[in-house]
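Q: I would like a close look at one part of this structure. Please keep it brisk.
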Amino acid sequence: MDWPISEVARMSGVTARTLPHYDEIGLPPPARIGSNGHRYYEEHQLLLLQQILVLRELGVGLPESGRPMTAIKRPENLFEGIEPSQYEGNLRDFPGLAEEADRRAAAMTPAEVEAGQRERTALMIRPAEHLAGGAPADADPVQAEIDGQYRALTSLHAVSADEYRAIGRSCVENDDWRAAYEAIAPGLAEYQRDAIEAYAMSRLG
């Protein structure tokens with residue numbers, strides 16, 4: 001399915017004049033140009049346009065946004081239909097965290113479970129936005145996200161530098177977690193691992 005430029009402009013809030021300008025400077029080109037000369041956009045181009053608009057809100061200029069980009073998927077709840085015990089089991093290598101996570105999950109209402117899943121999804125999407133913007137894993141905004149994640153973990157149970165590094169590696173080495181990160185953006189699992197490693201080195205010793 002594709003959408004004409006007028007419909008894309010209406011959905012995105014970007015003017016029909018701006019979209020061709022983006023095309024000229026290397027930002028999302030249309031999927032095709034009809035015989036009438038009208039531009040038509042498919043889902044991939046719409047996802048890239050959404051990223052550009054997000055990056056603009058983050059203060060990234062258009063020339064920087066024009067570098068090759070990876071489309072980010074932004075599900076509201078990546079874990080919908082998954083019981084907490086199914087993914088908390090991935091913490092089995094971290095028994096203290098696993099025990100506390102299981103204890104808290106057992107006391108949660110269905111509404112609280114869903115809210116936690118949505119929050120977890122949002123925490124995974126935000127680093128993906130930095131990845132798409134070309135920020136290195138040790139950049140300050142990325143490290144601020146990782147700091148928030150670390151503080152959330154330590155609110156459950158104490159986490160040493162070595163344990164946090166191991167959690168970072170599990171983003172790549174654990175098939176379930178890798179699949180979850182890669183469902184948002186290709187390369188996100190490695191990016192998350194590298195960001196955690198940088199955080200552990202610079203802030204945890």
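Within what distance do the axes of helix 9 and helix 10 come, and at roughly what angle do they cross?

A: This is a predicted model: local features need pLDDT of at least 70, side-chain atom pairs need 80 or more, and totals for chains, interfaces and linings use all residues. Numbering starts from 1 along each chain as its sequence is written, and side-chain values use heavy atoms, without hydrogens or water.

The axes of helix 9 (residues 161-173) and helix 10 (residues 175-184) come within 6 Å and cross at roughly 75 degrees. Helices are DSSP runs (H or I, at least four residues), numbered from the N terminus. Axes are lines fitted to C-alpha atoms over the stretch in contact, with angles from 0 to 180 degrees between N-to-C directions. The two helices are therefore roughly perpendicular (65 to 115 degrees).

On the helix 9 side, Ser170, Cys171, Val172 and Glu173 make the contact (heavy atoms within 4.5 Å). They meet Asp175, Trp177, Arg178 and Tyr181 in helix 10. By class, this contact has four nonpolar, one polar and three charged residues. Here Ala, Val, Leu, Ile, Met, Phe, Trp, Tyr, Cys and Pro count as nonpolar, Asp, Glu, Lys and Arg as charged, and the others, Gly among them, as polar.

Now the salt bridges. The structure holds ten (a side-chain nitrogen of Lys or Arg within 4 Å of a carboxyl oxygen of Asp or Glu). One of them joins arginine 203 and aspartate 147 at 4.0 Å, N to O. Arginine 203 lies in helix 11 (residues 188-204) and aspartate 147 in helix 8 (residues 140-154), so the pair ties together parts 56 residues apart in sequence. Aspartate 147 is buried, at 14% relative accessibility; arginine 203 is partly exposed, at 44%. Buried means under 20% relative accessible area, exposed over 50%, partly exposed in between (1.4 Å probe, protein chains only).

Terms used: Angles under 35 degrees count as roughly parallel, over 145 as roughly antiparallel, 65 to 115 as roughly perpendicular and the rest as oblique.
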